[in-house]
Amino acid sequence: NVSQPVISVAIKSLENECKVLLFQRYKRKLTLTKEGEKLFALSNEIVMQMNALQNRMEEMKSKKRPVNVGVSPMVGGTYFPKFIMAFKEEYPDIEVSIEERRSKQMFALIRHDEPEDIGSCLLKKTGFQLAVNKEHSLAEADTVKMQDLQGMPIVLYKDNRSMKKRFEDNGVELNVVLSVDQIYTMKSYAISGMAATILLKDMIKAEKDIIGIPLEPCMEADVGLMWKKNRNMYSNAMILMEYAKKNFCQ
């Protein structure tokens with residue numbers, strides 16, 4: 001369905017671009033020159049590669065990779081469920097795979113040598129509070145100074161050096177009787193009264209058997225999304241990141 005003049009113009013344009021004669025013209029017939037035969041062979045290879053690429057893209061479209069997200073135990077049980085449910089409501093076909101890891105482990109997975117290699121967006125500003133049961137001596141307090149925790153039995157999340165450092169910077173050495181890697185265990189000790197613990201305030205609100213007491217000075221915490229900047233990502237991961245930036249970032 002292409003007219004002869006259009007084909008003639010296309011052939012002439014191709015020869016001008018390649019700067020070689022591609023066809024021998026004799027008595028209204030065209031035959032390929034040696035250069036034309038080589039171009040034809042190479043063109044066939046390119047067409048085959050393009051077809052293979054198109055088929056590969058169609059395959060990837062029908063079998064999209066899940067988005068792998070690492071979350072800390074504290075965030076995984078409080079903020080992330082709300083975020084992921086909202087995301088899945090808008091993008092039900094995108095599979096999200098969740099893996100709980102300690103913050104230090106996740107930093108090691110995504111961190112490059114230079115801070116500029118890390119992208120981030122803030123999802124929520126929150127803070128830590130002292131968590132005790134209703135019979136605890138501090139249960140009625142509006143706030144509690146860090147110095148008041150000196151000597152008090154405390155259960156902390158395992159390898160939480162940053163938490164300990166916050167208290168050390170305020171001249172307090174915590175009496176950590178147990179280091180655990182389960183948030184449920186930390187809550188259980190607080191509920192039983194065997195020891196107090198320190199949790200994000202939103203986690204404490206969800207528990208009816210423990211009370212959260214703000215600390216002085218305030219212990220703030222940022223909940224955010226972090227990723228490697230200089231790394232190619234699958235499209236689904238990019239969709240999740242853009243959704244977070246648009247709908248949740250502060």
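**Reading the labels**

Reply: Gladly! In helix 4, the residues Tyr79, Phe80, Phe83, Ile84 and Phe87 are buried. Do keep in mind that this is a predicted model, where local features need pLDDT of at least 70, side-chain atom pairs count only at pLDDT 80 or more, and totals for chains, interfaces and linings use all residues. Residues are numbered from 1 along each chain as its sequence is written, and side-chain values use heavy atoms, with hydrogens and water left out.

Me: How do you know that the buried residues of helix 4 line one face?

Reply: Looking down the axis of helix 4, its buried residues fall within an arc of 110°, so they line one face of the helix. The arc is taken from the directions from the helix axis to the C-beta atoms. On the other side of helix 4, Lys82, Met85 and Glu89 are exposed. As background, an α-helix has 3.6 residues a turn, so residues three or four places apart point the same way.

Me: What makes the span of helix 4 agree with expectation?

Reply: The expected span of a helix is 1.5 Å times one less than its number of residues. For the 12 residues of helix 4 (residues 79-90) that should be 16 Å, and the end C-alpha atoms are 18 Å apart, which agrees. Helices (H or I, at least four residues) and strands (E, at least two) are DSSP runs, numbered from the N terminus.

Me: Why is phenylalanine 83 called buried?

Reply: Buried means under 20% relative accessible area, exposed over 50%, and partly exposed in between (1.4 Å probe, protein chains only). Phenylalanine 83 has 3% relative accessibility, so it counts as buried. Phenylalanine 248, with a relative accessible area of 21%, is therefore partly exposed.

Me: What makes phenylalanine 83 and phenylalanine 248 an edge-to-face pair?

Reply: Rings of Phe, Tyr and Trp (its six-membered ring) pair if their centres lie within 6.5 Å; planes under 30 degrees apart count as stacked, over 60 as edge-to-face and the rest as tilted. The structure holds 7 aromatic pairs. In the pair of phenylalanine 83 and phenylalanine 248, the distance is 5.0 Å centre to centre, with 85° between the planes, hence edge-to-face. This pair links distant parts of the chain, with phenylalanine 83 in helix 4 and phenylalanine 248 in the segment after helix 9 (235-247), 165 residues apart.

Me: And why is the pair of tyrosine 243 and phenylalanine 248 called tilted?

Reply: The ring centres of tyrosine 243 and phenylalanine 248 are 6.1 Å apart and their planes are at 50°, so the pair is tilted. Tyrosine 243 itself counts as buried, at 8% relative accessibility. Phe80, Phe83, Phe87, Tyr91, Tyr243 and Phe248 form one aromatic cluster.

Me: Which parts does the salt bridge of glutamate 207 and lysine 187 tie together?

Reply: The closest N and O atoms of glutamate 207 and lysine 187 are 3.1 Å apart. Glutamate 207 lies in the loop between helix 8 (201-205) and strand 10, and lysine 187 in helix 7 (residues 183-192), so the pair ties together parts that are 20 residues apart in sequence. Glutamate 207 is partly exposed, with a relative accessible area of 24%, while lysine 187 counts as buried at 17% relative accessibility.

Me: What makes lysine 19 worth a look in the backbone?

Reply: Phi of lysine 19 is near 65°, a positive value in a residue other than glycine. Lysine 19 sits in the loop between helix 1 (4-18) and strand 1 (23-26), and is exposed, with a relative accessible area of 70%.

Conventions. A salt bridge is a side-chain nitrogen of Lys or Arg within 4 Å of a carboxyl oxygen of Asp or Glu.
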